[in-house]
Amino acid sequence: MSDWNKKTISRSEVEELTKKYGVDPLTASIMIRRGITEGHDIMYFMESDLRYQHYPFSFSSMEDAVDRILDAKEEGEKVLIFGDRDVDGVTATTVLYDCLSDMGIDVRYRLPQGDDAYGLNKTAVDDFTADYGSLIITVDCGISNNEEIAYAAEKGCDIIIVDHHNPPETLPEPAIIVDPKLEDSGYPFKDISGCAVVYKLVSALRFSKSEWYKQDITLLNVRPLNDAYTIECLKVRNLVPVDRLDETIVPGTISITQTRLPQFLQGQNIFVWDKQTTTRLLEQTFGKNAVEFNVFDIRPEVAKLIPKTGSLSLLALKDMSHFARYGNHPATEIGGFYNIFVTYIQQMLKAAFPQTVLAEEHDMQLVALAALADIMPMKDENRIFVRQGLQSLNKGADSVRCGLRELLSPLKLLGKELTSTDLSWTVVSHLNAAGRMGHAELAAELFLCKDAVKREQIAAQIIALNDERKKLSAAAWDYAQLQAKASVSKYNEKLCVVIDERINRGVSGILAGRLVSSYNVPSIAVTFIGDTAIGSMRSCRNLDATKFLNMMGDMFLNHGGHTCAAGFSFERKRLDEFEKKLLELSQLIELADSTADIYNVDAEIPAAYLDQSLMKVADFFEPSGEDNPPLLFMAKNLPVTNAAALGKGEKMHLKLELQAQKCKWPALFWNKGELLNNGIAIGDRADVLFRVENNVFNGMKTVQMVLTDIRKC
């Protein structure tokens, strides 16, 4: 019997969250059970505005990347974007291509074709340099292409790597690298998609059009502290805090030249809030005419865009700061100054460059797709990306970017209120099919083509490729079953390995993922193209796929990826060596305990509180995905007032009607039709684990239960 685990929490914990953040007790209890208790994490469940994302220039290398691209524009250079064949790679390519072409740069793109290996290749370098190209930007790839990048440099090409994969021990060089997984990247969140990293680069390029780019600015504030004054200074460059100095001075004890202030403020544009008050406080600290530096009063300028701030002090602004509420920045006056300064700059840029607002909205639709396609954890800024993308897509058909509109229409999704599930299971699977079937260029052309009729034709081709992909996936599963179960025993119950030439290369990743689901161990699927073996690995139970492959890296032609998903290739003649090495390594693998039969319950709902308002609680935790599964509720002792088996042919599914105190609930239990009158019948009482979802039928929306487990009382 499965284990229903509901973590015990204290009333005081719930009361603390409800009081501090204004959430209801049920939501607070779910947060606590899920470990969402720190202000930084809570913020991304309560806020959806892009203001709460991380700043692009947090990347230590971002300024170098922007400057190199601006140089390319200035010099009229030819630029190549080299992407990957999956959804993340195609969307990343699209977002950057749109931006660079809008800037007037001579740009083209290239994706792996047919049986091309993953990542940059020498043929692409040769073709580009033969056409006098001088800058290659890799997106969603490149971090493991050491040999190819060195080759490009020899051919006179500069390289910018924009990637999010785990870096190898030796980084490619020479190259400018923008990758959140680098130890010294400077970026505060590692788990964003390749498309999101490109979006950060594009945001930085848009910012570079403003007068604020590369300006060294210091925000300065003076506040009384008992018999002394504290002078707070925060250096900001490209909206990112880069240094801070606090000096507490007792008036009459030292001159300003004896402090660290002159050196800290040298070469800076110094902004204050209320110049008159700040100057008076500085004079009280150091004496009249003792302060020689010039300051700019930014409050009147901010008030033009945000009128309510015109009469407020920094003390009042500090208390208004949402960031301070979540503890992201100390609740200090200089923290409030920084937050209002950033808000002012962002509002000013929107007013100055209105065309970027729509461009950013269209970008966000693709960033949302990429986050779901690459199974990024639904926490931190990924939540904002997906929420913003869905919000934009659901504004109406006219708000959907070109390409997506033509794909959504034949899939009967245009005009429907889309969810993250719709994007993950339908849109992503179709777009991925193009790359899996060796035609990634179709997905890119779908987004970039200017001809609406041509886009419709491409969408039809992609849908046909997805149908073909389904057939190949089914065939691959048939081949795999012949050896999968035996391989688990062979590899010490730690690995599942399937090697079969009949597996289509494009579905090896899908097959490996299905093997993980079936056998609950890390799985590898290998096929062959000529003299080369091509493999995909999907992992689980805390085994890092890239670290595992690194242990046999000397035999690979190339390899790399993420913690849970990776790929590799090697010479076919080394197959026996590969299998032998896997057998040796399988004895060393340590897997986390399997939790397949343990259900972690988010909340128990008494029958008296079982009503449709439960959907609002579930919506609060959307989007769901990796690290944030849909909410799982428990209810006990519910009468079964109706029961039937459903299915077009075989009655595979169970449909129940459960009586709560206020209403009757429709409940579906997929693939459990055999339970009817053989475990559950009308008149029984049942305990259930369930999720809630909206069911739309004939334009009517109702809330229903989707059961995960059931026990007869």
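A: A definition comes before the rings: those of Phe, Tyr and Trp (its six-membered ring) pair if their centres lie within 6.5 Å. Keep in mind that this is a predicted model.

Q: How many aromatic pairs does that rule give?
A: The count comes to 19 aromatic pairs.

Q: What about Phe570 and Phe578, how do their rings sit?
A: Their centres are 4.6 Å apart and their planes are at 25 degrees. Planes under 30 degrees apart count as stacked, so the pair Phe570 and Phe578 is stacked.

Q: Are those two buried or exposed?
A: Phe570 is buried, and Phe578 is too.

Q: Which residues form an aromatic cluster?
A: Trp212, Phe271, Phe296 and Phe341 form one.

Q: New topic. What order do the strands of the open sheet take?
A: There are 5 strands, ordered β9-β8-β7-β10-β11, with mixed pairing. The edge strands are β9 (240-249) and β11 (296-297), and each pairs on one side only.

Q: How many bridges join β10 to β11?
A: There are 2, and these strands run parallel. Val272 stands opposite Asp297 in β11.

Q: Which helix packs on the sheet?
A: Helix α14 (residues 333-352) does, touching β7, β8, β9 and β10. The direction of α14 makes about 145 degrees with that of β7.

Q: Over to α1. Which of its residues are buried?
A: In α1 (residues 11-21), they are Val14, Leu17 and Tyr21.

Q: Why are they on the same side of α1?
A: They cover an arc of only 70 degrees around the axis, which puts them on the same side. As background, an α-helix has 3.6 residues a turn, so residues three or four places apart point the same way.

Q: And what does the face turned away carry?
A: That face of α1 carries the exposed residues Arg11, Glu16 and Lys19. Cover for the buried residues of α1 includes α2, α3 and α13.

Q: What follows α1?
A: Gly22, with a positive phi near 75 degrees.

Q: Why is α18 largely enclosed?
A: Because 12 of its 17 residues are buried, α18 is largely enclosed by the rest of the structure. Among the buried ones are Leu423, Val427, Val428 and Leu431.

Q: What covers them?
A: The cover for the buried residues of α18 includes α5, α15, α16, α17, α19 and α20.

Q: Which residue just after α18 has a positive phi?
A: Gly438, at about 85 degrees.

Conventions. Residues are numbered from 1 along each chain as its sequence is written. This is a predicted model: local features need pLDDT of at least 70, side-chain atom pairs count only at pLDDT 80 or more; totals for chains, interfaces and linings use all residues. Side-chain values use heavy atoms; hydrogens and water are left out. Two strands pair if DSSP finds at least two bridges between them. Helices (H or I, at least four residues) and strands (E, at least two) are DSSP runs, numbered from the N terminus. Contact means heavy atoms within 4.5 Å. Axes are lines fitted to C-alpha atoms, for helices over the stretch in contact, and angles run from 0 to 180 degrees between N-to-C directions. Buried means under 20% relative accessible area, exposed over 50%, partly exposed in between (1.4 Å probe, protein chains only). The arc is that of the directions from the helix axis to the C-beta atoms. Rings of Phe, Tyr and Trp (its six-membered ring) pair if their centres lie within 6.5 Å; planes under 30 degrees apart count as stacked, over 60 as edge-to-face and the rest as tilted.
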